[in-house]
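My notes go from the terms to the whole chain, then to single residues.

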Amino acid sequence: MLEGKAMIKETDMPVKMQMQAMACASQALDLHDVVDSISIAAHIKKEFDKVYGNGWQCVVGSNFGCFFTHTPGTFIYFALETLNFLIFKGAS
């Protein structure tokens with residue numbers, strides 16, 4: 001497990017949810033090969049949908065850009081190992 005080694009770049013999530021996001025990312029990296037970004041992102045999305053309700057999105061990779069609208073209090077962008085993680089709940 002790699003909790004505590006993530007570097008948060010931007011967030012508006014409550015601290016408890018931030019910890020859950022980083023723990024979930026660490027768990028996904030333990031279960032999936034680091035080059036399998038799709039499986040890592042799917043693992044995190046499914047976990048957040050289960051815990052916090054449907055509508056979560058997750059992007060994992062080393063080089064990406066995006067523009068999106070999110071529900072306030074549901075956004076985090078952090079780095080862990082060589083990957084960047086973007087997790088947010090879409091706005092209705």
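**Terms and ground rules.** I began with the elements: helices (H or I, at least four residues) and strands (E, at least two) are DSSP runs, numbered from the N terminus. D49, for one, is found in helix 2. I noted that this is a predicted model, where local features need pLDDT of at least 70, side-chain atom pairs count only at pLDDT 80 or more, and totals for chains, interfaces and linings use all residues. Residues are numbered from 1 along each chain as its sequence is written, and side-chain values use heavy atoms, with hydrogens and water left out.

**Whole chain.** I looked up the elements of the protein chain and found two helices and four strands. Read from the N terminus, they run β-α-α-β-β-β. The radius of gyration is 12 Å, close to the 12 Å that the globule rule gives for 92 residues, so the protein chain is as compact as a globular protein of that length. That radius is taken over C-alpha atoms, and the rule is 2.2 Å times the number of residues to the power 0.38. Along the principal axes, the C-alpha atoms fill a box of roughly 35 × 25 × 25 Å.

**Surface and contacts.** I checked burial next. Buried means under 20% relative accessible area, exposed over 50%, and partly exposed in between (1.4 Å probe, protein chains only). Of the 92 residues, 39% count as buried. The protein chain exposes about 5300 Å², and carbon and sulfur atoms supply 56% of it. These areas come from the Shrake-Rupley method with a 1.4 Å probe; for residues, only the protein chains shown count as cover. Then I turned to contacts, meaning heavy atoms within 4.5 Å. Among contacts with a separation of 6 or more, 56% are between residues 24 or more positions apart.

**Charges.** I looked up where the charges sit. The mean positions of the 7 positive and 9 negative charges are 6 Å apart. Lys and Arg count as positive and Asp and Glu as negative; His and the chain ends are not counted. Each charge is placed at NZ of Lys, CZ of Arg, CG of Asp or CD of Glu.

Is H43 buried or exposed? At 19% relative accessibility, H43 counts as buried. I placed H43 in helix 2 (residues 37-52). Its side chain makes a polar contact with the side chain of Q27 at 3.1 Å. A polar contact is a pair of N or O atoms within 3.5 Å; within protein, one must be able to donate a hydrogen and the other to accept it, and residues adjacent in sequence count only if both atoms are side-chain atoms. Leaving aside neighbours within four places in sequence, H43 is in contact with C24, Q27, A28, L31 and H32. I followed H32 to the loop between helix 1 (15-31) and helix 2. H32 is partly exposed, with a relative accessible area of 25%. Beyond neighbours within four places, H32 is in contact with S39, I40 and H43.

**D49.** I came back to D49, which is buried at a relative accessible area of 15%. Which side chain does the side chain of D49 meet in a polar contact? It is that of K45, at 2.5 Å. The D49 side chain also reaches the backbone nitrogen of G55 at 3.3 Å. With neighbours within four places set aside, D49 is in contact with N54, G55 and W56.

**S37.** S37 is in helix 2 too. Its C-alpha lies 8.2 Å from that of V59, 22 residues apart in sequence.

I found F68 in the loop between strand 2 (56-61) and strand 3. F68 counts as partly exposed at 26% relative accessibility. Leaving aside neighbours within four places, F68 is in contact with F75, L86 and F88. E81 sits in the loop between strand 3 (76-80) and strand 4 (83-89). E81 is exposed, with a relative accessible area of 52%. Its phi is near 55°, a positive value in a residue other than glycine.

**K16.** My last stop was K16, in helix 1. K16 is exposed, with a relative accessible area of 70%. From K16 to N63 I logged 27 Å, C-alpha to C-alpha, across 47 residues of sequence.
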